[in-house]
Amino acid sequence: MSNKHIVIIPGDGIGVEITAAALNVAKAAADKCGFSFSYEIRQAGGAALDKFGVPLPEATIAACRQADGVLLGAVGGPEWDHVAPELRAEKAILGLRKELGLYANLRPIKVFPALAGQSPLKPELVSSVDILIVRELNGGIYYGDKKEAAIIDGVEKASDTEVYSRPEIERIVRMACRAAAGRRGRVMSVDKANVLAASRLWRKVAVEVAQEFPQIELTHMYVDNCAMQLVLNPGSFDVLVTSNLFGDILSDEAAVLSGSIGLLPSASLGDGTGLYEPIHGSAPDIAGKGIANPLGTILSAAMLFRYSLGNSQAASMMEQAVEQVLADGYRTQDIYQQAFTKVSTEAMGQQVIARL
Ligand code: NAI
Ligand code: MG
């Protein structure tokens with residue numbers, strides 16, 4: 001028995017369907033390993049705006065703070081595109097990141113052998129891809145001083161500032177080293193230390209932090225080279241740790257290796273409650289049809305078990321079941337090809353459960 005508690009935020013669009021499927025899988029996986037957890041459903045995003053007048057209600061924040069982990073579907077959609085900036089659905093995610101102090105974004109990119117043929121790269125290049133990108137989420141150029149465009153000395157100028165402090169770098173590199181310890185033990189720190197002062201501090205601190213982890217091998221790469229290597233030799237990476245801006249770009253580049261955004265999970269972690277969500281959005285074009293791919297959300301729930309509930313057994317069980325379902329030929333529409341078995345969102349969840 002455990003007293004672990006999670007909050008589920010379905011959100012908008014396909015969020016409702018995919019979180020329902022993932023919850024069923026999570027319950028079944030927990031059952032299989034004699035683990036129990038409680039949960040509650042809370043609102044955020046466009047649906048919350050309609051109902052409560054704000055995209056991130058106080059009650060949702062309070063429930064998330066008290067929970068061990070939060071599983072979120074996706075928020076937003078065209079119905080809410082015309083609201084005031086402070087009421088936009090995206091504010092729900094930014095707000096949660098802030099309220100929960102989430103400073104690390106973990107994005108595993110794995111190419112399932114059964115789907116290697118759907119990658120834009122050659123199957124032999126991607127079949128061994130298993131990368132964990134650890135992106136700093138709370139600092140860097142997105143949060144540094146900015147000056148909006150203005151005429152200065154007769155020329156229009158605007159600026160943003162890249163700032164990193166030692167504690168910010170220490171905690172993210174520590175997180176990457178801990179994650180690597182449970183993987184292949186290699187951390188690649190990505191920066192632009194040849195040009196940026198903030199990157200030079202980043203590199204110096206990374207070297208110091210890595211000394212706390214003698215079993216971890218730390219190497220460094222410039223971000224421009226990294227962008228090339230992700231395409232030329234993606235199987236060579238284990239854990240990649242980098243700043244907010246570089247991580248934003250590289251994680252989207254790496255995501256396309258897998259062939260579908262419906263498959264990829266993510267975790268945002270801090271010192272308290274973790275937030276877990278698939279990397280895609282609310283997919284308004286297919287919402288309500290029961291055809292969305294729930295695997296990215298199911299894999300996000302697996303990460304929740306691993307990082308927030310302390311149950312790696314259930315996590316691995318869910319991950320292996322997903323791999324097996326794909327190997328057995330089950331496909332939602334986004335990854336469907338002729339000769340495979342096309343299934344709905346819910347049926348995909350049931351097939352995963354059958355393989356736990
Ligand atoms: P999107 O990721 O929702 O959709 C892009 C394309 O991928 C669409 O064709 C969609 O049908 C497909 N797709 C996405 N997830 C899928 C899944 N699980 N299974 C099958 N197909 C899937 O991105 P888009 O269209 O740019 O944004 C739609 C809405 O979602 C917008 O309101 C946007 O602001 C919001 N959004 C929310 C995010 C979040 O909640 N974290 C992240 C990105 C976008
Ligand atoms: Mg991005």
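**Reading the model**

Analyst: Aspartate 153 is exposed, because 5 other C-beta atoms lie within 10 Å, and a residue counts as exposed at 12 or fewer. Please keep in mind throughout that this is a predicted model.

User: Where is the place of aspartate 153, between which two strands?

Analyst: Aspartate 153 has a phi near 50°, which is a positive value in a residue other than glycine. As for its place in the chain, aspartate 153 sits in the loop between β6 (146-152) and β7 (155-160).

User: Is alanine 339 buried or exposed?

Analyst: Alanine 339 belongs to the loop between β13 (330-331) and β14 (341-342), and its phi is near 85°, a positive value in a residue other than glycine. To judge its surroundings we count C-beta neighbours inside 10 Å, and alanine 339 has 7 of them. Since the limit for this class is 12 or fewer, alanine 339 counts as exposed.

User: Is proline 294 buried or exposed?

Analyst: Proline 294 is found in the loop between β12 (274-278) and α10 (295-307). Leaving aside neighbours within four places in sequence, proline 294 is in contact with Ile18, Ala21, Ala22, Thr345, Met348 and Gly349. Because 30 other C-beta atoms lie within 10 Å, and 20 or more are needed for this class, proline 294 is buried.

User: What distance separates the C-alpha atoms of proline 294 and arginine 107?

Analyst: Along the chain, proline 294 and arginine 107 are 187 residues apart.

User: In what order do the 10 strands of the open sheet follow one another, and which strands stand at its edges?

Analyst: The pairing in this open sheet is mixed, and its 10 strands come in the order β2-β1-β3-β12-β11-β4-β5-β10-β8-β9. On average, and with direction ignored, neighbouring strands of the sheet are turned by 20° against each other. An edge strand has a single partner, so one of its sides is left without a neighbour in the sheet, and this is the case for β2 (37-41) and β9 (217-222).

User: How many residues of β4 are buried?

Analyst: In the sheet order, β4 stands between β11 and β5; seven bridges join β4 to β5 and three join β4 to β11, with both pairs running antiparallel. Both faces of β4 are covered, with Ala104, Leu106, Pro108 and Lys110 buried on one side and Asn105, Arg107 and Ile109 buried on the other. The number of buried residues in β4 is therefore seven of its seven.

User: How do β5 and β10 run, parallel or antiparallel?

Analyst: Strand β5 (residues 130-136) is mostly covered, with six of its seven residues buried. Two of its residues show how it meets β10, since isoleucine 133 has leucine 240 as its bridge partner and arginine 135 stands opposite threonine 242. Four bridges join β5 to β10 (residues 239-242), and the direction of the two strands is parallel.

User: At about what angle to β9 does helix α8 run?

Analyst: Helix α8 (residues 223-232) lies across two strands, β8 (186-191) and β9. Its direction relative to β9 is about 100°.

User: Which strand gives the most to the side of domain 1 that touches domain 2?

Analyst: The domain assignment gives domain 1 (1-106 + 261-356) and domain 2 (120-258), and 12 residues of domain 1 are in contact with 13 residues of domain 2. On the side of domain 1 that touches domain 2, β4 (104-110) and β11 (265-269) each supply at least two residues, and by class this side has nine nonpolar, two polar and one charged residues. With three residues, the strand that gives the most is β4.

User: Which residues come nearest to ligand 1?

Analyst: There are 22 residues around ligand 1, and this shell divides into 10 nonpolar, eight polar and four charged residues. Those that come nearest are Gly76, Gly262, His280, Gly281 and Asn293.

Key: Residues are numbered from 1 along each chain as its sequence is written. Chains are lettered from A and ligands numbered from 1 in the order in which they are written. This is a predicted model: local features need pLDDT of at least 70, side-chain atom pairs count only at pLDDT 80 or more; totals for chains, interfaces and linings use all residues. A residue is near a molecule or strand if its C-beta atom, placed from the backbone, lies within 6 Å of it. Ala, Val, Leu, Ile, Met, Phe, Trp, Tyr, Cys and Pro count as nonpolar, Asp, Glu, Lys and Arg as charged, and the others, Gly among them, as polar. Domain bounds come from an automatic or database domain assignment. Two residues are in contact if their C-beta atoms, placed from the backbone, lie within 7 Å. Axes are lines fitted to C-alpha atoms, for helices over the stretch in contact, and angles run from 0 to 180 degrees between N-to-C directions.
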